[in-house]
Amino acid sequence: QASMVWRSAQHPPSMASPQSPPGTTREEPKATETVLISREVFDSRLRNVAFDSWESFRAAVADSQPRVLLDHGEGGSVIKVDPLRVFGWVATILINVCVWGMVGFVATWSRLLCIACILIYGAILWWVTTTQLVPALAGVLWPILPCIPAAAGLLASSLLHSTFDDRTGMSLVLVLGVLPHTIVAAHLLRGLPQDPDRATLVVNLFMGTWFAVLSVVLLVLDPQNLISGSETFNNAWYYFVFGSLFSFGFIAVLAAGRLFAVPSVLGSVEAVSWTLNVGVVAVLISSLALLEVPYAQDMWRWVCFALIVTWIGLTGAVFQRSLPILISAVGCLMVAIYLSCQITAVIGGMGVPSSIQTVMSLATFGASGILIVVIAQTLRQSEWFDAFVMQVRHAHSRAYTQTLLEDLRTPIERP
């Protein structure tokens, strides 16, 4: 947890010096006011931000984190959740259901009126986000802004062309919908050094870029093939869609490693977290689709899935992020369920009574749990694993020809 301390002394009154002539006073030097902040607060709130006065700097630090002075342990079992952001996301979902539902209702009457309503909503949302809300609450609204020109562009393209299943319609979707969404997201991300809460726009940039690539490839192949194409074409398109999603997710993880290992104006805590989380979620979704998990019966598919979730968990350990660890844990549970089902099926095929099958299925769960506990305990106490994590961090640093900064929470010895 971030902690900070104010240390400020009152200016002592002027007093006469024993060596000074009678009637004169000696001014005592003014006490220095000190502010102690953590690196996490600096990276997330203060990096590359200019302050015109000491008071504005102190106010920014005071607003960024509470003054926590007591240390009651590391709190490894505590999951940090910001109530403002959580309820902000809930409010955002409710507001958007209302707004976009109304937009769809108005579209049945007049598409031009619907476009006007969308643009008005976007203007109001921009004003509220940039001037009326605190950064933490505005962060949940930033991803909606790039969707405004995309929605208006899609409606405009529907006015210009009735269908989207040919090259003309797909071109309009790309030019009027996908590209404006991506360009607006990239433009808004330029303010990330001054406002780290804009890191939520990473989702828009990721999805916009991926959809743009899919649209271009579909234009080359002709969208009509998706409707009248053969089963071979549809299968190839399916694997291309999720294969490209896997590639984009892997690239996002590498980008998070770049931001984590090499300090830059974009390398805030939020930017690393959102980039990494978007990447691992994309890798997980694409892996489930490509390997046909959890419905696959082939052992090799589950082995590949187990290796992928292990890699995702390793990224969480290296980057000190919770979501990849959670995804890896859920993946381990899925593998344990698969092993239990397979063992039960094999024993059932041998004519073993159902009671024995039930016992063996439950024993598989217990054995899997014991194995997970043993591995977790071993890695927790393993100096080799700690050294391996540090070597991975140094590898990230050397890959970009810079030196990884030392973190006070996890000191790193330079090789």
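**Briefing on selected local features**

D195 is buried, its relative accessible area being 14%. This residue belongs to a salt bridge with R198, in which the closest N and O atoms are 3.7 Å apart. The model is a predicted one.

**Salt bridges**

- The count of salt bridges comes to three.
- In the pair of D195 and R198, the arginine is also buried: R198 has a relative accessible area of 15%, and D195 has one of 14%.
- R167 forms a salt bridge with D222, with 3.8 Å between the closest N and O atoms. R167 lies in helix α7 (residues 167–188) and D222 in the loop between α8 and α9 (224–228), so this contact ties together parts that are 55 residues apart in sequence.
- R167 has a relative accessibility of 39% and therefore counts as partly exposed.
- D298 and R301 meet through their side chains in a salt bridge with an N to O distance of 3.3 Å.
- As background, side chains of opposite charge can pair when their charged atoms come close.

**Backbone geometry**

- The peptide bond that leads from V293 to P294 is cis, and its omega is near 15°. P294 is placed in the loop between α11 and α12 (299–319).
- E292 lies in the loop between α11 and α12 as well. The phi angle of E292 is near 60°, which is a positive value in a residue other than glycine.
- With a relative accessibility of 39%, E292 counts as partly exposed.
- D222 also has a positive phi, near 80°, and is a residue other than glycine. D222 is found in the loop between α8 and α9, and its side chain takes part in the salt bridge with R167.

**Second largest pocket**

- The volume of the second largest pocket is about 360 Å³.
- Its lining consists of 15 residues, and those that lie nearest the centre are L189, V202, L205, A255 and T275.
- Three helices each supply at least two residues of this lining: α8 (201–221), α10 (231–261) and α11 (269–291). Helix α10 gives the largest share, with five residues.
- By residue type, the lining of the second largest pocket divides into 13 nonpolar residues, two polar residues and no charged ones.

**Cysteines**

- Which cysteine has a relative accessible area of 30%? That residue is C147, which is partly exposed.
- C332 is likewise partly exposed, with a relative accessible area of 32%.
- A search of the whole structure for disulfides returns zero.

Note on methods. Residues numbered from 1 in each chain as written. Predicted model: local features only at pLDDT ≥ 70, side-chain atom pairs only at ≥ 80, totals over all residues. Heavy atoms only, no water. 1 Å grid on protein atoms, 1.4 Å probe; cavity = no way out; pocket = protein on both sides within 12 Å on 5 of 7 lines; lining within 4 Å. Points joined across faces, edges and corners; volume = space filled by probe spheres on them. Helix = DSSP H or I, 4+ residues; strand = E, 2+ residues; numbered from the N terminus. Nonpolar A, V, L, I, M, F, W, Y, C, P; charged D, E, K, R; others polar. Disulfide = S-S within 2.5 Å. Buried < 20%, exposed > 50% of the residue type's maximum accessible area, 1.4 Å probe, protein only. Salt bridge = Lys/Arg side-chain N within 4 Å of Asp/Glu carboxyl O.
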